[in-house]
Amino acid sequence: MTPSVLIVGAGPTGLVLALWLTKLGVRVRIIDQAAQAGTTSRAVAVQARTLEFYRQVGLADTVVNAGVQVAAANL
């Protein structure tokens, strides 16, 4: 079956969108410029709104438990 949505970019936004659409029963296809999956994190932090979406798809607790909690940061 042909996907209903093509997602260009397999970064955090594209992957969360794919999870959300899949949960809603929408078939997706993800394409990315990189030839293979990344091996390191590019994220400095997870925003509260992202955690809200993660909670809705059942990922929030896993992400928080696997992360490093930092009290403060100077950027």
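Okay, let's start with salt bridges: the count here comes to two, where a salt bridge is a side-chain nitrogen of Lys or Arg within 4 Å of a carboxyl oxygen of Asp or Glu. Before I go on, this is a predicted model, so local features need pLDDT of at least 70 and side-chain atom pairs count only at pLDDT 80 or more, while totals for chains, interfaces and linings use all residues. Residues are numbered from 1 along each chain as its sequence is written, and side-chain values use heavy atoms, with hydrogens and water left out.

So, who pairs up? Helices, by the way, are DSSP runs of H or I with at least four residues, strands are runs of E with at least two, and both are numbered from the N terminus. Glutamate 52 is partly exposed at 41% relative accessibility, and arginine 49 is partly exposed too, at 46%. That term covers what lies between buried, under 20% relative accessible area, and exposed, over 50%, using a 1.4 Å probe and protein chains only.

The other pairing joins arginine 55 and aspartate 61, at 3.4 Å, N to O. Arginine 55 counts as exposed, with 53%.

Next, the largest pocket. How much space lies in it? About 1,200 Å³. A pocket here is an open set of points on a 1 Å grid over the protein atoms alone, where a 1.4 Å probe fits, with protein on both sides within 12 Å along at least five of seven lines; lining residues have an atom within 4 Å of a point. The volume is the space filled by probe spheres set on those points, which are joined across faces, edges and corners.

There are 37 lining residues, and the closest to the centre are Pro12, Ala43, Ala45, Val46 and Tyr54. Helices α1 (12–23), α2 (48–56) and α3 (60–66) each supply at least two lining residues, and α1 gives the most, with seven.

Last stop, strand β1, residues 5–8, where you'll find leucine 6. Valine 8 is in that strand as well. Leucine 6 is exposed at 52%, and valine 8 is exposed at 65%.
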